[in-house]
Amino acid sequence: QQILNCLDTSEFVIYGHSMGAYLALKVSSLLEETGRQALLIFVSGNAGPGVSTNKNHHLLNNEDFIIEVGKLGGLPREVLESKDLIEIFTPILKADFEIVSEALIISSVINSPIIAMMGDLEENVGEIRNWQTFTNTDFKYRIFEGEHFFIYDHPKEISKLIRQNYDIVFRNKCASRL
């Protein structure tokens with residue numbers, strides 16, 4: 001409902017990285033149930049539901065959990081080295097990982113095109129086409145150089161990819177109204 005209250009246009013896109021990719025798919029599905037459809041869905045750092053990389057990290061003891069999270073990257077060294085911050089963030093991160101383990105059974109198929117992006121060094125990059133099974137329409141993907149947080153190394157290219165695809169879909173939508 002909060003998202004619906006914020007949508008002031010029918011032309012919008014949704015983007016989610018890593019765990020957020022599952023959220024992007026779920027939110028897209030829920031919005032479609034209300035009659036609102038995104039022009040495009042962008043997902044990154046994730047090969048999609050059914051391709052598990054989680055390995056139930058949330059069930060690990062706190063010390064082993066933090067080691068595994070540290071391997072993923074994305075958390076500043078200062079956080080990983082601070083006992084106080086680790087105590088604050090560990091329950092939050094474990095809850096996120098638990099949600100992801102449940103999200104692996106998502107079966108939503110949406111009507112928006114999906115564009116998937118992954119780093120060439122990610123564990124399941126070879127399964128990126130899995131996202132195609134979650135859309136009834138167009139699917140594209142792009143592999144970037146890098147690990148799970150490749151997005152930090154390629155912001156201009158990702159922005160350009162999003163903009164170009166938005167422009168194409170938006171122009172096609174406007175042309176079909178004529």
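**Close-up views of a predicted model**

**View 1. Lysine 94 and phenylalanine 65.** Lysine 94 lies over the face of phenylalanine 65. The distance to the ring centre is 5.6 Å. The structure shown is a predicted model. Phenylalanine 65 is buried, because its relative accessible area is 0% and buried means under 20%.

**View 2. Phenylalanine 65 pairs with phenylalanine 97.** The whole structure holds five aromatic pairs. One of them joins phenylalanine 65 and phenylalanine 97. Their ring centres are 5.4 Å apart. Their planes stand at 85 degrees, so the pair is edge-to-face. The pair links distant parts of the chain. Phenylalanine 65 belongs to helix α3 (residues 62–72), and phenylalanine 97 to helix α5 (residues 83–103). The two are 32 residues apart. Phenylalanine 97 is buried too, with a relative accessible area of 7%.

**View 3. Phenylalanine 144 and phenylalanine 150 stack.** These two rings form a stacked aromatic pair. Centre to centre, phenylalanine 144 and phenylalanine 150 are 5.5 Å apart. The angle between their planes is 15 degrees. Both phenylalanine 144 and phenylalanine 150 are buried.

**View 4. The largest nonpolar core.** This core has 22 residues. Which of them touch the most other members? They are Ile14, Ile41, Val43, Ile114 and Trp131. At least two residues of the core come from each of α2 (19–33), β2 (40–44) and β3. The biggest share is from α2, which gives five residues.

**View 5. Around isoleucine 14, and a second core.** Sequence neighbours within four places are left aside for the contacts of isoleucine 14. Its partners are then Ala24, Val27, Ser28, Leu31, Ala38, Leu40, Ile41 and Phe42. A second, separate core has nine residues. Among them are Leu40, Phe42, Phe150 and Leu161.

**View 6. Asparagine 130 in its loop.** Asparagine 130 is found between β3 (114–119) and β4 (139–144), in the loop that joins them. Its side chain reaches the backbone oxygen of alanine 47 at 2.9 Å. Beyond neighbours within four places in sequence, asparagine 130 is in contact with Ala47, Gly48, Pro49 and Val51. How far apart are the C-alpha atoms of asparagine 130 and threonine 34? They are separated by 26 Å, and the two residues are 96 residues apart along the chain.

Methods: Residues numbered from 1 in each chain as written. Predicted model: local features only at pLDDT ≥ 70, side-chain atom pairs only at ≥ 80, totals over all residues. Heavy atoms only, no water. Helix = DSSP H or I, 4+ residues; strand = E, 2+ residues; numbered from the N terminus. Contact = heavy atoms within 4.5 Å. Polar contact = N/O pair within 3.5 Å; in protein donor to acceptor, adjacent residues only side chain to side chain. Phe/Tyr/Trp six-rings, centres within 6.5 Å; stacked < 30°, edge-to-face > 60°. Buried < 20%, exposed > 50% of the residue type's maximum accessible area, 1.4 Å probe, protein only. Lys NZ or Arg CZ within 6 Å of the ring centre and 35° of its normal. Core = buried A, V, L, I, M, F, W, Y, C linked by side-chain atoms within 4.5 Å.
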